[in-house]
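Please look over the model first.

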Amino acid sequence: MDFLVNLASGFMNLFALGGEQFMSWVTGIIPTIVMLLVLMNAIMALAGDAAVEKLARVCTSNPILRYAVLPWVSAFMLGNPMALSIGKFMPEFYKPCYYASATYHCHTNSGIFPHINASEIFIYLGIANGITTLGLDTTPLAIRYLLVGLVANFISGWATEFTTAIVEKQQGVKLSRTLKTAK
């Protein structure tokens, strides 16, 4: 009988803990994301569709801009997960490629810019712990982490471009590689 009571109690506790986690999101990250969305939409409204589309067209025109510069700037300015929202300005073909690169930028840049992904800074700190134990400065590690990340994240986006082309051909679809101009 105690087994069933403990099982039922544990089962209900699982939902209570889930509710606590949800409430921490409601009072923590959700308002931050909403405010970032408001800011991003306000900037876009002030700049106008033509300016946003022109910037998107320039960033889409070059793989280095697509998978190194734009995702890095987005991660730095907006943090995780808002940096991913910039992908909505990409042509359909490049959206999965941008996402692949931008998600990694939200991780590899956190050593030197912890505001990008504060919830996962423990990964960098785990690596840096060995250096700290030796009494050494962690800044060179953070810079190397960032530089290796720039290269690896670029490769991730570009490799996804090749796999997207393969899936596009396999599925018999043709995704747009250019932006449609807003009327």
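The sulfur of C59 lies 15 Å from the closest cysteine sulfur, in C97, too far for a bond. A disulfide here is a pair of cysteine sulfur atoms within 2.5 Å. This is a predicted model: local features need pLDDT of at least 70, side-chain atom pairs count only at pLDDT 80 or more, and totals for chains, interfaces and linings use all residues. Residues are numbered from 1 along each chain as its sequence is written, and side-chain values use heavy atoms, with hydrogens and water left out.

**Cysteines**
- A disulfide is a covalent bond between the sulfur atoms of two cysteines.
- By the distance rule, the count is zero disulfides.
- C59 is buried, at 11% relative accessibility. Buried means under 20% relative accessible area, exposed over 50%, and partly exposed in between (1.4 Å probe, protein chains only).
- C97 is buried too, at 0% relative accessibility.

**Largest pocket**
- The volume of the largest pocket is about 520 Å³.
- Its lining has 20 residues, and M40, I43, L55, L78 and I86 are the closest to the centre.
- By class, the lining holds 19 nonpolar residues, one polar and no charged.
- Pockets are found on a 1 Å grid over the protein atoms alone, with a 1.4 Å probe; a pocket is an open set of points with protein on both sides within 12 Å along at least five of seven lines, and lining residues have an atom within 4 Å of a point.
- Grid points are joined across faces, edges and corners, and a volume is the space filled by probe spheres set on the points.
- Helices are DSSP runs (H or I, at least four residues), numbered from the N terminus.
- Ala, Val, Leu, Ile, Met, Phe, Trp, Tyr, Cys and Pro count as nonpolar; Asp, Glu, Lys and Arg count as charged; the others, Gly among them, count as polar.

**Second largest pocket**
- This pocket holds about 210 Å³ of space.
- It is lined by 14 residues, and I29, N80, P81, H115 and I116 lie nearest its centre.
- α2 gives the most to this lining, with four residues.
- The lining has eight nonpolar residues, six polar and no charged.

**N80, P81 and N117**
- N80 and P81 are joined by a cis peptide bond, with omega about 5°.
- P81 sits in the loop between α4 and α5.
- N117 is in the loop between α5 (95–108) and α6 (121–133).
- N117 is buried, with a relative accessible area of 4%.
- The side chains of N117 and N80 make a polar contact of 3.4 Å. A polar contact is a pair of N or O atoms within 3.5 Å; within protein, one must be able to donate a hydrogen and the other to accept it, and residues adjacent in sequence count only if both atoms are side-chain atoms.
- The side chain of N117 also makes a polar contact with the side chain of H107, at 3.2 Å.
- Not counting residues up to four places away in sequence, N117 touches N80, C106, H107 and S110. Contact means heavy atoms within 4.5 Å.

**S176**
- S176 lies in the segment after α7 (139–171).
- A polar atom of the S176 side chain is 2.6 Å from the backbone oxygen of T178.
- S176 touches P91, E92 and F93, with residues up to four places away in sequence not counted.

How values were computed. Helix = DSSP H or I, 4+ residues; strand = E, 2+ residues; numbered from the N terminus.
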